[in-house]
2 protein chains.
Amino acid sequence: MKPAPLSRETLLPKLAAHVLEHGLGSASLRPLAKAAETSDRMLIYHFGKKEQLITDVLGYIAGIYSAALDAAMGEERATSRQQCIARILAQGREPAMQPFMVLWWEIVAGSARGVPGYREAAEQMMSELLAWLETQMPEDDPDPVGGARYLLTVIEGSLMLSAVGHARTAREGMIASGL
Amino acid sequence: MKPAPLSRETLLPKLAAHVLEHGLGSASLRPLAKAAETSDRMLIYHFGKKEQLITDVLGYIAGIYSAALDAAMGEERATSRQQCIARILAQGREPAMQPFMVLWWEIVAGSARGVPGYREAAEQMMSELLAWLETQMPEDDPDPVGGARYLLTVIEGSLMLSAVGHARTAREGMIASGL
DNA sequence: TTGGCCTTGTAGCAATCGCTACATCGCGCT
DNA sequence: AGCGCGATGTAGCGATTGCTACAAGGCCAA
């Protein structure tokens with residue numbers, strides 16, 4: 001059993017897994033190194049400094065997220081905006097997506113505070129989701145582009161309310177609005 | 001110049017000010033103590049442990065937020081849902097609200113990750129905002145309660161998109177939806 | 001005055017933080 | 001064989017973390 005070659009590329013998956021499981025708050029060099037079966041020394045060696053490592057990991061995770069969207073896309077389009085939203089919210093509730101969701105709010109918080117690298121990752125993920133949403137809009141939708149932007153807004157608002165224990169509020173609001 | 005008496009009540013305003021300015025990430029005992037003109041020793045003495053301190057500070061900030069909403073409420077109701085949303089988003093863009101906004105996403109992130117005390121503060125703030133929104137709904141609105149829930153969802157989604165550099169997406173979505 | 005309690009200062013603990021100096025190892029090139 | 005260089009381990013630095021032991025001040029009641 002030869003030890004796996006060490007590089008950014010072989011490190012990133014393990015680092016991303018650790019960040020997805022434990023969050024960015026506890027993403028310090030030694031725990032990360034342990035998760036990647038290396039030493040903090042080598043993480044600095046390969047990434048230069050921690051800030052760069054986090055940036056790279058967030059970019060890598062954004063890539064995973066994008067792939068997950070692609071994987072979920074195969075099915076046929078939705079037949080209505082309601083169905084479209086319902087599908088996405090259902091996907092967000094899946095246990096497999098939970099680590100993404102929890103991490104997502106940390107990224108948003110970092111983005112809002114201007115932490116380097118966070119905004120780029122957040123922007124990328126939102127752009128991917130928006131593009132994906134456009135492909136999922138009903139075929140006969142009068143305004144798929146604008147509609148996708150609108151649905152994205154409602155979806156993210158709904159997810160946020162769920163994150164703070166107001167899932168019911170979001171649900172009742174969507175019912176009241178006909179969505 | 002007698003030194004101000006030291007207690008939870010006299011400490012909280014200064015602690016809250018520091019948290020609003022610098023965020024929860026750098027809210028460690030020594031900086032907080034310096035901001036409150038005391039020592040970390042005394043913070044622990046008065047609050048027991050840091051977790052309790054943070055919980056109390058978040059509760060205090062939620063109170064400030066509530067008061068800010070009340071202060072902004074004086075004017076007459078909106079005449080349409082569009083105007084209602086526009087007002088609130090305009091208020092959220094005000095420089096004075098910026099610290100609240102930035103802190104808000106840290107609270108959401110903590111709530112999503114289950115950090116003790118965060119969820120309660122977030123839930124309280126959302127409930128206050130929802131109640132306030134209901135009072136701001138147009139007088140002739142067919143469903144003020146459900147409408148307020150719907151508008152809250154859209155508003156929070158819009159604020160999130162703004163926080164990650166997608167303000168334009170949110171704006172275009174609202175235009176496309178007629179809001 | 002004395003005793004006791006609430007409050008406060010000083011000092012320090014063990015743990016963790018990001019990062020670095022130094023030495024070593026192994027591989028390829030000449 | 002010898003040399004050079006990238007990759008890695010060991011050890012440690014100074015700073016910061018939450019928290020505590022100990023002593024001393026200040027004030028009120030007996």
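This is a predicted model: local features need pLDDT of at least 70, side-chain atom pairs count only at pLDDT 80 or more; totals for chains, interfaces and linings use all residues.
Chain A contains 9 helices and 0 strands. Read from the N terminus, its elements therefore follow the order α-α-α-α-α-α-α-α-α, and a cut-off for helices of at least four residues applies. The C-alpha trace of chain A spans about 55 × 30 × 25 Å along its principal axes. Of its 179 residues, 34% count as buried. Among the contacts in chain A with a separation of 6 or more, 59% join residues 24 or more positions apart.

The two protein chains can be compared by superposition. Chain A is superposed on chain B by a rotation of 180 degrees with 0.0 Å of shift along the axis, and the RMSD is 0.0 Å. This relation is that of a two-fold axis. The same surface serves both copies, as 100% of the contact residues of chain A recur in chain B. Within chain A, the residue closest to the rotation axis is A:G157, whose C-alpha lies at 1.8 Å.

The interface between the chains brings 41 residues of chain A into contact with 41 residues of chain B. On the side of chain A that touches chain B, at least two residues each come from helix 6 (98-113), helix 7 (118-136), helix 8 (144-163) and helix 9 (167-177) of chain A. Helix 8 of chain A gives the largest share, 14 residues. Sorted by class, this side of chain A holds 21 nonpolar, 12 polar and 8 charged residues.

Helix 6 of chain A has 16 residues, and its end C-alpha atoms are 23 Å apart. This agrees with the 22 Å that the helix should span at 1.5 Å a residue. The buried residues of helix 6 of chain A are A:L103, A:W104, A:W105, A:E106, A:I107, A:V108, A:A109, A:G110, A:S111 and A:A112. The cover over these buried residues includes parts of both chains: helix 1 (8-22), helix 4 (50-73), helix 7 and helix 8 of chain A, and helix 6 and helix 8 of chain B. Just after helix 6 of chain A, A:G114 takes a positive phi of about 85 degrees.

In chain B, helix 4 (residues 50-73) has 24 residues. From its first C-alpha to its last, helix 4 of chain B reaches 35 Å, close to the 34 Å expected at 1.5 Å a residue. Its buried residues are B:L53, B:I54, B:V57, B:L58, B:I61 and B:A62. What covers them includes helix 1 (8-22), helix 3, helix 6 (98-113) and helix 7 (118-136) of chain B.

The surface near DNA strand C consists of 6 nonpolar, 3 polar and 6 charged residues.

By class, the surface near DNA strand D has 6 nonpolar, 3 polar and 6 charged residues.

Some residues in loops were examined individually. A:E37 lies in the loop between helix 2 and helix 3 of chain A. Its phi is positive, about 55 degrees, although A:E37 is not a glycine. A:E37 counts as exposed because it has 12 C-beta neighbours inside 10 Å, and the cut-off for an exposed residue is 12 or fewer. In chain B, B:E37 is found in the loop between helix 2 and helix 3, and its phi is near 55 degrees. B:E37 is likewise exposed, with 12 C-beta neighbours inside 10 Å.

B:P138 is found in the loop between helix 7 and helix 8 (144-163) of chain B. This residue has 16 other C-beta atoms within 10 Å and so is partly exposed. Leaving aside residues up to four places away in sequence, B:P138 touches B:R77, B:A78, B:T79, B:S80, B:R81 and B:C84. B:P138 and B:E76 are 62 residues apart in sequence, while their C-alpha atoms are 9.6 Å apart in space.

How values were computed
Residues are numbered from 1 along each chain as its sequence is written. Chains are lettered from A and ligands numbered from 1 in the order in which they are written. Ala, Val, Leu, Ile, Met, Phe, Trp, Tyr, Cys and Pro count as nonpolar, Asp, Glu, Lys and Arg as charged, and the others, Gly among them, as polar. The expected span of a helix is 1.5 Å times one less than its number of residues. A residue is buried if 20 or more other C-beta atoms lie within 10 Å of its own, exposed if 12 or fewer, and partly exposed in between; C-beta atoms are placed from the backbone. Two residues are in contact if their C-beta atoms, placed from the backbone, lie within 7 Å. Copies are superposed by least squares on the C-alpha atoms of residues with pLDDT of at least 70 in both.
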